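Here is a short walk through one structure. Take the strands first, then a pair of helices.

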Amino acid sequence: MSFAKASDLLRLAEMAAARHRGVALAEIEEEFGVDRRTAQRMTKALEGLFPATETSTDEMRRKYWRLRGTDARLMLTQGIRDSELAALEMSIRRAEREGASTDVKALKSLRDRLLAAMPGPHARRAEADAEAVLEAHGFASRPGPRVRSDPRLLATIAEALKAPFMLTISYLGSRDNAPRERLVEPYGLLLGTRRYLVARETGGDGRFRHFRLDRMQGARLMAQSFARDPDFDLEAHAARAFGSFHAAGEYGPVAWRFAPWAAPVAREFVFHPDQHLTEEPDGSLTVRFQACGWLEMAWHLYQWGDGVEVLEPEGLRALVERHRRSDFPALP
């Protein structure tokens, strides 16, 4: 057996031990980029190396292979790799940068448990190697303004999203004179300069609404759960806007043309997950997508000075036209 195949087999053992139900053929195909026949051969090799491998079949007749942790001693002797520890450390720093205190606490706890389970010299070597990888990657926190979020509020929302449980939030709307309580079904968070809870208010019109976390005076986890709408997809919902603010009346085609001298920089950006780029004969670049949120678009476009022209919508074009400057010394 080649070293690559041995490494893949140990990775398969990790997957079989880590998943409560076990690992299925489709997951093996996706993880290792192999066809069905090769995936089947890998499960045969797994059963040969680990005789205690358990198999089960679900209601869809899909077969799963599972290893109990105590039966995967060979796999567990690998410990934690420096690249894995570095990735975990980078995730902790990103969460700290974004003010996600609940995630920071959970990730640090996971890191400490992993290191505690390793022999002392191995753990110290992994930590030193991880620091070297972080330094080589040049990881740095991105500066910039953001609105502070209450860690207790974030923790309560996180618990509600997991179950899911209903939430009672004390919320000061833009037209409210004082905070009032609302019972909502939470579906997710939109992260940006400001953070929004995507939720559906009970007794309302059934539409998903965005509640700014900085306007929440508090939140209480309720005992009752709710059935999530199976048709709701947070990523698809988020893609309807350019940023985190949604304005249904503004949703529609958006087209920006970047000047030839700004096009090389614009090509490096993903302005929207569904964007379409067109290279123009004069060297300019046209970016098209569908979204709403003209104000957040205007904030971003201002950074490009006169290097970008809004082709549509007309409302956005009028919003930015008088603010296209030629004296910016650099592009975003």
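Helices (H or I, at least four residues) and strands (E, at least two) are DSSP runs, numbered from the N terminus. Two strands pair if DSSP finds at least two bridges between them. This is a predicted model: local features need pLDDT of at least 70, side-chain atom pairs count only at pLDDT 80 or more, and totals for chains, interfaces and linings use all residues. Residues are numbered from 1 along each chain as its sequence is written, and side-chain values use heavy atoms, with hydrogens and water left out.

Start at strand β4 (residues 165-171). Five bridges join β4 to strand β5 (residues 180-190), and the two run antiparallel. Here S170 stands opposite E181 in β5. β4 also pairs with strand β8 (residues 216-225), antiparallel over six bridges. There I169 faces A219 in β8.

Now move to strand β9 (residues 252-258). Five of its seven residues are buried, so β9 is largely enclosed by the rest of the structure. Seven bridges link β9 to strand β11 (residues 285-291), antiparallel. F258 stands opposite L285 in β11. Four bridges join β9 to strand β12 (residues 308-312), again antiparallel. W256 lies opposite V310 in β12.

Finish with the helices. The axes (lines fitted to C-alpha atoms over the stretch in contact, with angles from 0 to 180 degrees between N-to-C directions) of α2 (residues 25-32) and α3 (residues 36-49) come within 9 Å and cross at roughly 105 degrees. That makes α2 roughly perpendicular (65 to 115 degrees) to α3.

Note on methods. Parallel < 35°, antiparallel > 145°, perpendicular 65-115°, else oblique. Buried < 20%, exposed > 50% of the residue type's maximum accessible area, 1.4 Å probe, protein only.
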